[in-house]
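Here is a short tour of a protein model, written for someone meeting it for the first time.

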Amino acid sequence: MPDRWWSCNGTGGSEPASRHSAPTESMHVTRRGVLISAGVGLASLVGTRTSIAQMAFSANRDRKHDTLVVLFLRGGADCMSLFVPFAEDAYHRERPNLAFSPSKSLRLDDRFALNPMLAPLMPAHKEGKLAVVHAVGSDDKTRSHFEAMSAMERGLANDGAGPTNGWLARYLSVTEAEGDSPLRAVALSSVMPNSLRGATHAVAMETIDEFKLETFGVDSNQAFKSLTGLYAMHGDEVAQAGQDTLSVLDTLRKLDKSAEKTLNEAKYPNTDLGESLRQTAMLIRADVGLEVAAMDMGGWDTHVAQGTTGGLIAGLVTNLGASVSAFAQDLGERMNSVTLVVMTEFGRRLRENNGFGTDHGRAGAMVVLGGGVRGGRVVAKWPGLEASQLDDVGDLRVTTDYRDVLSEVLSRRMGVQKPNEVFEGYTPKPVGLFG
């Protein structure tokens, strides 16, 4: 099995690395973005993270929309192990070693059950705040991680012709307004995710705590005052970039330390995902104008030893359930103005393989949790799992386009009047996720 999921060929083998080189046009940056990034060279950025968070800030307090949190499960999560189609005979027949029995799963309705390690999410389901959309995906049929992720992060049907920037970048563009922070998009990562590619004023950093001005023993207040005066003496783009950077640095360093404490007895797991969601909750509570947070969780390419309550998937699912549950508990009533979306590039094949794992499939699932969600249900135009109901390769068919879900989130919770400005050339169909 490859040690990096992005070099996987779909069956546990390796693909040439060149196939997974990001297109150069998607890495376009503006001159101003380069200047701002240069200004952030003042900051001290150290450490690495495998679960990364990307944050977009808005200083405009007049906005009337949610904070959007997007969690991407990288590697193609086996959504039939997360949200179990226990009523399907074919599910149990084709997965003699990997199927969850109904008695050990948490029933969501008459067709689907929750993986028992996702038990921390059951309260949100019972309270009607969490909805699962099953048999969802893109039109990508390559079953390649790179192509499928590129399509979704660009907001396209497949990884073909179309906008080279990301769908979150386009959201930020169509909702841009006077008073917004000049650094609306910040990535807690060494690289910018494709969903934010092309966002103006986007900067990557490793962690919020490490995004600071290195003063080398000089009083920080004096350092800020001196640098602010220096940049104010000039009116060119470099000076403006410096002022913009200092403004964001100053905002972060003045965060109320009480905001760092979790509330409502929330306990995040000591994982990268747990830390990313903890920091996101901290920024939401601190009212710094957090508008978009996106984070990744890798490791879902379970070709071998996938297991059920043991194996490769067990730790992943436990981490996911505990982290998301802690996030919702931490925010409490503030979750009414937050929408969390969980998605993955594709699901896994119905039939288990000889390595007691699952290979790349088609349809997966999405989760929507938060304000206004008509939850407590699984939304699915379920195609079935018998041979005649699967696609021509033998995978669960896609019956809901992922853009329908995202479009509804943007229009109903994020104030986007025309979602087709974000998802160019696509007319979304209603899913009915919000009341």
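A residue is called buried when its relative accessible area is under 20%, exposed when it is over 50%, and partly exposed in between, using a 1.4 Å probe and protein chains only. This is a predicted model, in which local features need pLDDT of at least 70 and side-chain atom pairs count only at pLDDT 80 or more, while totals for chains, interfaces and linings use all residues. Residues are numbered from 1 along each chain as its sequence is written, and side-chain values use heavy atoms, with hydrogens and water left out.

**The whole protein**
- The protein has 11 helices and 13 strands; these are DSSP runs (helices H or I, at least four residues; strands E, at least two), numbered from the N terminus.
- Of its 435 residues, 57% count as buried.
- Taking contacts (heavy atoms within 4.5 Å) between residues at least 6 apart in sequence, 74% join residues at least 24 apart.

**Nonpolar cores**
- In soluble globular proteins, nonpolar side chains tend to be buried together.
- A nonpolar core here is a set of buried Ala, Val, Leu, Ile, Met, Phe, Trp, Tyr and Cys residues joined through side-chain atoms within 4.5 Å.
- The largest core has 65 residues, and those touching the most other members include Leu71, Trp300 and Phe327.
- Helix α10 (residues 312–331) gives the most to this core, with 9 residues.
- A second, separate core holds 38 residues, among them Val133, Met192, Val368 and Val422.

**Helix α5**
- How many of the residues of α5 are buried? The count is 10 of 10, and the buried residues include His145, Phe146, Glu147 and Arg154.
- The cover over these buried residues includes strands β2 (67–73), β6 (130–137) and β10 (338–344), along with helices α6 (167–174) and α11 (402–413).
- Arg154 lies in α5, which spans residues 145–154, and has a relative accessible area of 9%.
- Leaving out residues up to four places away in sequence, Arg154 touches partners including Asp159, Asn165, Trp167 and Arg170.
- Just after α5, Gly155 takes a positive phi of about 75 degrees.

**Cysteines**
- The structure holds 0 disulfides (pairs of cysteine sulfur atoms within 2.5 Å).
- Cys8 is buried at 0% relative accessible area, and Cys79 also counts as buried, at 4%.
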